[in-house]
Amino acid sequence: MDLKMEQAKISNLYTLEETIAAELFHGAEYPWEVLPGISAFIVELGNRLPEDVYEKRGENVWVAKSAKIFPSAYINGPAIIDEDAEIRHCAFIRGNAIVGKGAVVGNSTELKNVVLFNKVQVPHYNYVGDSILGYKAHMGAGSITSNVKSDKTLVVVRAGEERMETGLKKFGAMLGDEVEVGCNSVLNPGTVIGKKASVYPTSSVRGCVPAGCIYKDKDHIVARKDS
């Protein structure tokens, strides 16, 4: 598969109309550029959300009145939980999190410094940190984003022979719209997965996966027959 850094641009990964955080991406070319600004953006946006739709719960936590929050879930601010989202049993939102309309954050799932677009599902035992998940992206049970390299050096994004320094120590994964990640997969720091791509269960993914492809392993990335 021909891997190009062009595929990692915001314009090629995301439908910005499908997130309350669209303004966060203005002026950026690649999605990881916005990671350091999520916290401040949430506070600024939260303070101007309509009170007839959202209610403030604690310090810098805004929850849509139509969202369903299980009693055992924990939400630390800054955070915005959008309309009709569902935060299930023992979900742990550590802060700096935007959960989109109709999104599901499931049992024992942990979020930290993330944007989940509308209809995202992270429903079972997922860790999602320093990451952005596009419209209708889904992570299978036990799949996680690994957001810090073992040697603690800065994360580099790789697409074929191209490489891009991010300047970030913490950077999990950028998932485009309608990405499917199989159960118990690990998305290593700096992973970018294009729109409508799929990842086989128990995979260890690095670098960029092109849109409309199936990641079987690092040597077998094939175009979807229905793409």
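Predicted model: local features only at pLDDT ≥ 70, side-chain atom pairs only at ≥ 80, totals over all residues.
Lys 170 touches Leu 35, Lys 112, Asp 130, Asn 147 and Val 148, leaving out residues up to four places away in sequence, where touching, or contact, means heavy atoms within 4.5 Å. At 40% relative accessibility, Lys 170 counts as partly exposed, since buried means under 20% relative accessible area, exposed means over 50%, and partly exposed is in between, with a 1.4 Å probe and protein chains only. Ser 131 is 39 residues from Lys 170 along the chain, and their C-alpha atoms are separated by 9.3 Å.

Residues are numbered from 1 along each chain as its sequence is written, and side-chain values use heavy atoms, with hydrogens and water left out.

Leu 133, in strand E12 (residues 127-133), is buried, with a relative accessible area of 0%. Among the residues that Leu 133 touches, beyond those up to four places away in sequence, are Tyr 14, Phe 117, Met 139 and Leu 175. Between Leu 133 and Ile 69, which are 64 residues apart in sequence, the C-alpha to C-alpha distance is 20 Å.

Is Asn 107 buried or exposed? Asn 107 is buried, because its relative accessible area is 19% and the limit for that class is under 20%. Its place is in strand E9 (residues 104-107), and Asn 107 is in contact with Arg 88, His 89, Pro 123, His 124 and Tyr 125, not counting residues up to four places away in sequence.

Next comes the backbone. Most residues other than glycine have a negative phi, and most peptide bonds are trans. Against that background, a cis peptide bond joins Gly 77 and Pro 78, with omega about -5°, and Pro 78 lies in the loop between strand E4 (74-75) and strand E5 (79-81). Asp 84 has a positive phi, near 60°; this residue is in the loop between E5 and strand E6 (86-87) and, at 53% relative accessibility, is exposed. Thr 202 also has a positive phi, near 60°, and is found in the loop between strand E21 (198-199) and strand E22 (204-205), where Thr 202 is exposed with a relative accessible area of 62%.

Now to the cysteines. How many disulfides are there? Taking a disulfide as a pair of cysteine sulfur atoms within 2.5 Å, the count comes to zero. For Cys 90, the nearest cysteine sulfur is that of Cys 183, 20 Å away, and Cys 90 itself is partly exposed, at 36%. For Cys 208, the nearest cysteine sulfur belongs to Cys 213 and is 12 Å away, while Cys 208 counts as buried, at 6% relative accessibility.

Finally, Lys 216 lies in strand E24 (residues 213-217) and is partly exposed, with a relative accessible area of 35%. Leaving out residues up to four places away in sequence, Lys 216 touches Tyr 200, Ser 203 and Val 222. Pro 71 is 145 residues away from Lys 216 along the chain, and their C-alpha atoms are separated by 39 Å.

Notes: Helix = DSSP H or I, 4+ residues; strand = E, 2+ residues; numbered from the N terminus.
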